[in-house]
Amino acid sequence: MNRAKRTIGCIGSLLILAVISFNGQALADTPKIGVIDMKKVLSASISGQKAQGVIEEKMKSLQSPLKKDEDELIALQKEMEKKGSAWTDAVKQEKAKAFQKKRNEFAAKQDSANNELKKLREDNVNPILKKLEEIVEKVAKSEGYTLILPRNVVLYTSDATDISDKITSELNKVMK
């Protein structure tokens with residue numbers, strides 16, 4: 001799936017470049033193209049690091065009770081495997097029900113934790129991405145870029161086209 005997205009992105013980029021090239025008469029200069037590594041910008045920016053810190057802290061607080069529940073499930077499963085042959089059918093059924101109930105509760109807690117982390121990511125990262133779009137547009141206009149692409153859709157680019165550091169610097173200025 002990811003490979004398909006990348007291929008489609010590359011094909012789209014090539015089509016855009018072809019259109020720009022064929023319409024070269026309309027452009028006074030050669031197209032100026034930039035590439036941004038979004039992961040690098042988010043991990044290097046102050047606001048991105050703050051968001052990541054908030055998310056990691058919450059993840060740790062959610063993992064502790066989940067780990068305890070997981071350990072209880074494993075212990076119950078081992079008990080059922082070791083002692084199961086000595087138990088009566090009624091005891092086996094009772095233990096199986098208890099195990100199934102714990103497993104369902106564990107799965108529900110995991111889903112809840114994942115949803116909470118997803119919401120936290122959205123709340124902390126989406127404002128950064130919105131500001132990032134504004135910054136990219138501002139830099140593109142001020143420095144005469146015709147096209148700026150995310151690094152993950154480009155098969156090859158020279159280091160000279162990577163403007164990630166410049167974008168990170170601008171993001172740090174704007175989101176103090």
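Guide: Of the contacts in the chain with a separation of 6 or more, 81% are between residues 24 or more positions apart. A contact means heavy atoms within 4.5 Å. This is a predicted model, in which local features need pLDDT of at least 70 and side-chain atom pairs count only at pLDDT 80 or more, while totals for chains, interfaces and linings use all residues. Residues are numbered from 1 along each chain as its sequence is written, and side-chain values use heavy atoms, with hydrogens and water left out.

Visitor: What makes a stretch of the chain a helix or a strand, and how many are there?
Guide: Helices (H or I, at least four residues) and strands (E, at least two) are DSSP runs, numbered from the N terminus. The chain has five helices and two strands, in the order α-β-α-α-α-β-α.

Visitor: How do you know what span to expect of helix α4, and what is the distance between its end C-alpha atoms?
Guide: The expected span is 1.5 Å times one less than the number of residues. Helix α4 has 55 residues (89–143), so it should span 81 Å; the end C-alpha atoms are 77 Å apart, which agrees.

Visitor: Where does α4 bend, and by how much?
Guide: The bend at a residue is the angle between axes fitted to the seven residues ending there and the seven starting there. At V125 that angle is about 35°, and the proline P127 follows within four residues. After α4 comes G144, with a positive phi near 75°.

Visitor: What makes a residue buried, and which residues of α4 are?
Guide: Buried means under 20% relative accessible area, exposed over 50%, and partly exposed in between (1.4 Å probe, protein chains only). Among the buried residues of α4 are F99, F106, L117, L132 and V139. The buried residues of α4 pack against β1 (33–36), α2 (38–44), α3 (46–83), β2 (147–150) and α5 (164–174). In α5, the buried residues include I167, T168 and L171, and their cover includes β1, α2, α3 and α4. Over the chain of 176 residues, 26% are buried.

Visitor: Why is E56 called partly exposed?
Guide: The relative accessibility of E56 is 39%, so E56 falls in the partly exposed class. E56 lies in helix α3. Between E56 and L117 there are 9.2 Å in space, C-alpha to C-alpha, and 61 residues in sequence.

Visitor: Why does M38 count as partly exposed, and which residues are in contact with M38?
Guide: M38 has 32% relative accessibility and therefore counts as partly exposed. M38 is in helix α2 and, leaving aside neighbours within four places in sequence, is in contact with L129 and L132. M38 and R151 are 113 residues apart in sequence, yet 7.3 Å apart in space, C-alpha to C-alpha.

Visitor: Why does P31 count as partly exposed?
Guide: At 30% relative accessibility, P31 belongs to that class too. P31 sits in the loop between α1 (2–22) and β1.

Visitor: What makes K32 lie over the face of Y145?
Guide: A charge sits over a ring if NZ of Lys or CZ of Arg is within 6 Å of the ring centre and within 35 degrees of the ring normal. K32 lies over the face of Y145, at 4.6 Å from the ring centre.
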